[in-house]
Amino acid sequence: CLQQGTAAMTTDAPTPRIAILGAGLIGAAWAALFQHHGADVRVWDPHSDALAATPTRMTKPLAQLVEVVPDAGPRGTLTLCDTLAEAVDGADLVQENAPENIPVKHDLYAQVEPFLDDHAVLASSTSALTWSELAPGLQDPARLITAHPFNPPHLVPLVEIYGLDADRIARAEALYRGAGRVPVRLNKDATGHIANRLASALWREAVFMVQDGIADVEAIDAALVNGPGLRWSVLGAHMAYHLGGGAGGMQGYLAHLGSSQERRWAALGSPTLSPEVQAELVAGVTREAAGRDIAELEDTRDKALIAALRARKDAPHV
């Protein structure tokens with residue numbers, strides 16, 4: 001292992017040891033997040049060039065984290081490891097970021113499991129695969145949780161968790177909270193977890209409105225950002241309708257407006273991604289981007305997220 005930096009801890013609490021498996025976009029962001037919050041971070045990647053590039057990939061996330069939480073705890077350590085055994089040795093949390101491929105992940109789990117301490121939690125960052133699909137890769141499936149972050153994971157606090165071992169889930173949640181994340185639990189295994197199911201449902205209707213000619217891409221995005229998107233940044237969907245019921249709350253809303261909600265549900269569409277619809281989606285986002293490339297758009301997104309996160313620190317929570 002090659003250590004990149006150290007910082008003395010000023011607390012009597014044990015320093016969390018976090019292993020990051022896979023040093024791509026998501027893995028580097030996780031590494032930056034945990035190091036910023038004082039953890040002993042060890043990174044491994046099967047590709048030596050990707051491993052060597054980890055400190056460079058972490059530069060931007062670390063700088064952004066300083067903007068968001070300049071008063072966070074003391075910086076931790078970063079160690080680049082040539083072997084899996086070195087990376088996971090003594091780890092409290094092993095955050096796996098392998099490609100979204102079941103055989104690849106199963107093969108990685110088979111290699112990792114013999115090196116895991118009894119208390120270790122193996123957490124997959126998977127966005128598309130379920131716990132039930134991944135767990136057969138382990139002799140002891142209870143070691144595994146799915147812990148899906150939202151990109152960019154060092155800025156967006158959400159981590160969606162599912163697993164079977166309540167103690168491991170609780171310990172993982174404590175580690176994520178220690179890094180400023182907001183973990184939420186699924187009660188059952190589900191494709192798309194929670195947030196991606198919601199996002200997919202919304203985008204399905206957004207695509208249908210383009211296909212049906214109700215509005216163009218730019219108008220739909222503007223309506224979302226300046227309407228429900230703004231409200232959803234401080235309220236969940238259920239709480240928003242609770243407040244929509246006035247003094248009667250959710251019960252009053254359902255009693256008086258439930259039937260109108262059902263009519264809206266019935267009017268929602270099921271789009272097809274035909275060549276014509278795809279062409280209009282591409283043309284719409286091209287117009288909306290107004291000449292800005294992906295890097296520029298990501299930079300604008302991240303600056304807006306940082307501003308929103310700063311504002312939320314002092315905002316009341318409903």
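Student: Quick one to start: where is Pro-152 found?

Tutor: Pro-152 sits in the loop between β7 and β8 (158–163). Keep in mind that this is a predicted model.

Student: And what is the peptide bond from Asn-151 to Pro-152, cis or trans?

Tutor: That bond is cis, with omega near 0 degrees. For background, most peptide bonds are trans.

Student: Back to the prediction, then. What is the mean pLDDT of the protein chain?

Tutor: The mean is 94, and 95% of the residues reach 70 or more. Over residues 6–10, though, the pLDDT is below 50. That stretch still has 11 contacts in the model beyond near neighbours in sequence. Where pLDDT is low, the predicted coordinates should not be read in detail.

Student: OK, backbone again. What is phi of His-193 near?

Tutor: It's near 55 degrees, a positive value in a residue other than glycine. His-193 lies in the loop between β9 (182–185) and α8 (195–211).

Student: Is His-193 buried or exposed?

Tutor: Buried, with a relative accessible area of 4%.

Student: What about Ala-290, what is its phi near?

Tutor: Near 50 degrees, again a positive value in a residue other than glycine. Ala-290 is in the loop between α13 (275–289) and α14 (294–314). As for accessibility, Ala-290 counts as exposed at 61%.

Student: Switching to salt bridges. How many salt bridges does the count come to?

Tutor: The count comes to 13.

Student: Which residues are linked with Asp-40 in a network of salt bridges?

Tutor: Arg-17 and Arg-42 are linked with Asp-40 in that network. The side chains of Arg-42 and Asp-40 meet at 3.9 Å, N to O. Arg-42 is buried, with a relative accessible area of 16%, and Asp-40 is buried too, with 12%.

Student: Now helix α7. Why are Arg-171 and Asp-167 separated by about one helical turn?

Tutor: Because Arg-171 and Asp-167 are 4 residues apart in helix α7 (residues 166–178). Their side chains meet in a salt bridge at 3.0 Å, N to O. Arg-171 counts as partly exposed at 28% relative accessibility, and Asp-167 counts as partly exposed at 47%.

Student: Which residue does Asp-302 form a salt bridge with?

Tutor: Arg-301, and the closest N and O atoms are 2.9 Å apart. Asp-302 is buried, with a relative accessible area of 4%, whereas Arg-301 counts as partly exposed at 33%.

Student: How do the residues of the lining divide into nonpolar, polar and charged?

Tutor: There are 11 nonpolar, 11 polar and 5 charged residues in the lining of this second largest pocket.

Student: Last topic: which helix is Gln-261 found in?

Tutor: Gln-261 is in helix α12 (residues 249–267). Gln-261 is buried, with a relative accessible area of 10%.

Student: And what is Gln-261 in contact with, leaving aside its neighbours within four places in sequence?

Tutor: Tyr-241 and Tyr-253, once those sequence neighbours are left aside.

Conventions. Residues numbered from 1 in each chain as written. Predicted model: local features only at pLDDT ≥ 70, side-chain atom pairs only at ≥ 80, totals over all residues. Heavy atoms only, no water. Nonpolar A, V, L, I, M, F, W, Y, C, P; charged D, E, K, R; others polar. Helix = DSSP H or I, 4+ residues; strand = E, 2+ residues; numbered from the N terminus. Buried < 20%, exposed > 50% of the residue type's maximum accessible area, 1.4 Å probe, protein only. Contact = heavy atoms within 4.5 Å. pLDDT = per-residue confidence, 0-100. Salt bridge = Lys/Arg side-chain N within 4 Å of Asp/Glu carboxyl O.
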